[in-house]
Amino acid sequence: MVDLSVRQELTSLVEELTHTGMQSLDEGKMKALKALCKRSVANVRTTYEQVMLQLGEDHSEVRLSAFQVSSELFERSQAFRELLLSDFHEFIKLVTGTEVESPLPPPKAAATQLREKSLFAIKSWREKFGEGYPKLVLGYNHLKLNKKVDFEGLVAHSEAMRRRREEREARRRVLLQQRVQDVRKEIAGCREDGWAGGGEVAEVEDGGRGEEVAG
């Protein structure tokens with residue numbers, strides 16, 4: 001039995017985590033949720049129920065955040081794994097959109113991310129936990145054989161996306177360095193003409209650091 005105040009706290013944490021519209025979870029709130037889940041299986045069950053409610057929302061940004069919560073807890077909690085796998089067919093339907101009668105809701109960008117991240121996670125879970133959870137293997141095989149999900153292609157696509165991000169970041173760094181060098185040359189020319197000016201280089205470099213944090 002979960003204390004009413006704890007239930008309310010768990011419910012609030014899950015709702016706050018899943019309604020930010022952000023692509024990543026709030027680390028502080030996620031840490032608080034995990035701490036409560038460690039206290040008892042009853043707390044895990046309440047959390048699972050709230051996560052499933054959010055996965056049922058008609059909004060893929062909410063579902064994406066709810067999936068991220070479930071993914072973190074699945075990796076760390078045996079009780080959460082068992083609960084999720086007891087409803088694995090429903091979970092798969094809500095996060096992958098592979099059932100014709102249950103497509104993922106808008107927005108489209110979040111739906112695409114949800115599908116890719118969830119399929120990637122299911123493949124990873126199968127490799128890591130499959131031997132101890134027959135329902136996990138059955139769900140994976142259902143997606144691969146019946147829904148024709150190309151898991152290997154998904155991994156290749158994810159790797160290609162990672163490489164493209166790294167290439168974009170490398171190009172950005174090269175351009176930033178070129179900007180810094182150009183500004184330094186201009187400042188050197190100004191000094192020869194009797195001008196001062198040194199803050200401009202710092203401004204360019206700070207701007208680069210600011211972009212780095214935002215990225």
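Q: Where is the place of lysine 34?
A: In this predicted model, lysine 34 lies in helix H2, residues 27-39.

Q: Why is lysine 34 called partly exposed?
A: Its relative accessible area is 21%. Buried means under 20%, and exposed means over 50%. Lysine 34 is therefore partly exposed.

Q: Which residues does lysine 34 touch, leaving out those up to four places away in sequence?
A: Lysine 34 touches Glu72, Leu73 and Arg76. Glutamate 72 is 38 residues from lysine 34 along the chain, and their C-alpha atoms are separated by 9.1 Å.

Q: What makes glutamine 50 count as buried?
A: Glutamine 50 has a relative accessible area of 12%. The cut-off for buried is under 20%, so glutamine 50 is buried.

Q: Where is glutamine 50, and what does it touch?
A: Glutamine 50 has its place in helix H3, residues 41-55. Not counting residues up to four places away in sequence, glutamine 50 touches Thr11 and Val14.

Q: Which hand does the crossing of H6 and H8 have?
A: The crossing is right-handed.

Q: Which residues in H6 and H8 meet?
A: From H6 come Phe88, Ile92 and Thr96. They meet Lys135, Leu136, Gly139 and Leu143 in H8. This contact divides into 4 nonpolar, 2 polar and 1 charged residues.

Q: Which residues touch the most other members of the largest nonpolar core?
A: They are Leu33, Leu55, Leu84, Phe88 and Trp125, in a core of 47 residues. Helix H7 (residues 108-129) gives the largest share of this core, 7 residues.

Q: Why might nonpolar side chains be buried together?
A: In soluble globular proteins, they tend to be.

Q: What does leucine 84 touch, not counting residues up to four places away in sequence?
A: Leucine 84 touches Tyr48, Ser70, Phe74, Phe91 and Trp125.

Q: How many helices and strands does the chain have?
A: The chain has 10 helices and 0 strands. Of its 215 residues, 38% count as buried.

Q: What share of the contacts with a separation of 6 or more comes from residues 24 or more positions apart?
A: The share in this chain is 63%.

Terms used: Residues numbered from 1 in each chain as written. Predicted model: local features only at pLDDT ≥ 70, side-chain atom pairs only at ≥ 80, totals over all residues. Heavy atoms only, no water. Left-handed = near helix turned anticlockwise from the far one by under 90°. Helix = DSSP H or I, 4+ residues; strand = E, 2+ residues; numbered from the N terminus. Contact = heavy atoms within 4.5 Å. Nonpolar A, V, L, I, M, F, W, Y, C, P; charged D, E, K, R; others polar. Core = buried A, V, L, I, M, F, W, Y, C linked by side-chain atoms within 4.5 Å. Buried < 20%, exposed > 50% of the residue type's maximum accessible area, 1.4 Å probe, protein only.
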